[in-house]
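Please look over the sequence and the model shown below before reading on. The report is meant to be read alongside them.

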Amino acid sequence: IFEASFNAQWFTFRKLIIPILYAAFAMVIFQAGLVAVFQVYVIQSPGWNWWAGLMFGALLSATDPIAVTATLKAVGAPETLSTLIEGESQINDGSAFVFWEAFFANVEAPGSSSIGDIVVNVIRLSLGGVAMGLAFGIVGTILLAFVYEMLEVEVSITIIVAFLGFWTAQYPSKFSGVIANVTSGLVISQLGKPFVSPTVRGPLEDIWRLLSWIANTIVFFYAGVLIVSFIWSCAGGTLQWYDYLHILSYYGYLQVLRFALVYLSYPVFAYKQRWWSWQNAFLVSFAGLRGSVALILALEVGDNPHVSSEITARVVVWTGGVVALSLLINGGLIQQVITVLKLDEPNPVQEDMLWRAKGAMLQSTYRVFDRI
């Protein structure tokens, strides 16, 4: 989470702040509620109530479009499009975690929180996480300003900001560690990167990409082991044959739901964004992959002894199935979708400016040669 925020392009990010915040908060709330409706009235699994459905909906709202953004950058798609998709993922990781945490409290201990308590808790977790992230981000920026050409020290500062900031916000302070990480990463991306030594910038970004890859690998491996364990231990008992078919039901429902929410919110995404079009809306809808954050939250549910196996087994197996299908289908077809939508074609204005720049450079080079 910190790595994605740390490597964000703040100049483009701030121009897209309205659609990013809308997608990361409003759409998460809508999706959590509609998934709960689908679970309670359509799926109707035993042992599930509205709180379990809302918890599951919040969990599935966290997107992880790393395969999409990598493909967009590789084909030279507009930076605004990839920044919007990445920005939504960064912020909704925090918002989905906050809503999941608030709803999960009532699943773990039914009746422990009223709706008013949940609203207050969500606001407290969010604002507290932002405050902690700002504090750690500013302190990290100040520390970076006092060192120069010291790779180990500069890398250590960012690692301490990420891990200590998350732990301090999540446990002693009882705020959202995820939102704290998102905020501190964005602060250092905007304010701290100018203080990072030139020779350190490349290795620093590579180290964070490596840490992110290691963390994702561990999460997916552990999730696979736990899913197999639940399937083996609950087969024929808690999990019935039709529960595995519900993986397809949820995958299809989430695709329809995301397309509907994005297109119904077209005016919000188009606000002061002249580049926004139906092709971009289609790709943003299709790019709603689920990944490591959804799996982490599902594993938290699966490891909780206070929640019934009717909920834990289905949450882990359904989440793992939805994540796998979204990565295989959406991630596998994203290149073809981009080509069909013609989003990999160069922008005529940008292409004209590029040729003009090349021409100016050649003329300057020829003048230098003439003087020689």
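## Nonpolar cores

The largest nonpolar core of the predicted model holds 86 residues, and those with the most contacts inside it are Met55, Phe56, Leu59, Trp100, Tyr250, Leu283 and Val315. Helix α6, which spans residues 79–108, supplies the largest share of this core, namely 13 residues. Apart from this, there is a second, separate core of 17 residues, which includes Phe6, Met132, Phe136 and Val147.

Met55 and Leu59 are themselves listed, like Trp100, among the residues with the most contacts inside the largest core.

## Packing of α6 against α14

Two packed helices are described by the angle between their axes and by the distance between those axes. For α6 and helix α14 (residues 292–302), the angle is about 15 degrees and the axes are 11 Å apart. Because angles under 35 degrees count as roughly parallel, α6 and α14 are described as roughly parallel to each other. The crossing in which α6 passes α14 is right-handed.

On the α6 side, the contact is formed by Asp93, Phe97, Trp100 and Phe104, which meet Val293, Leu297, Glu300 and Val301 of α14. By residue class, this contact between α6 and α14 comprises 6 nonpolar and 2 charged residues, with no polar ones.

Helix α14 is mostly covered, in that 9 of its 11 residues are buried. The buried residues of α14 are Ser292, Val293, Ala294, Leu295, Leu297, Ala298, Leu299, Val301 and Gly302; among them, Val293, Leu297 and Val301 take part in the contact with α6.

## Positive phi in two loops

Most residues other than glycine have a negative phi. Lys174, although it is not a glycine, has a positive phi of about 60 degrees, and it lies in the loop between α8 (151–170) and α9 (177–192). With a relative accessible area of 52%, Lys174 is exposed, because the cut-off for that class is over 50%.

Lys342 likewise has a positive phi, near 60 degrees, in a residue other than glycine. Its place is in the loop between α15 (309–340) and α16 (348–371). The relative accessibility of Lys342 is 55%, and it therefore counts as exposed.

Terms used: Residues numbered from 1 in each chain as written. Predicted model: local features only at pLDDT ≥ 70, side-chain atom pairs only at ≥ 80, totals over all residues. Heavy atoms only, no water. Core = buried A, V, L, I, M, F, W, Y, C linked by side-chain atoms within 4.5 Å. Buried < 20%, exposed > 50% of the residue type's maximum accessible area, 1.4 Å probe, protein only. Helix = DSSP H or I, 4+ residues; strand = E, 2+ residues; numbered from the N terminus. Axes fitted to C-alpha atoms, helices over the stretch in contact; angles between N-to-C directions. Parallel < 35°, antiparallel > 145°, perpendicular 65-115°, else oblique. Left-handed = near helix turned anticlockwise from the far one by under 90°. Contact = heavy atoms within 4.5 Å. Nonpolar A, V, L, I, M, F, W, Y, C, P; charged D, E, K, R; others polar.
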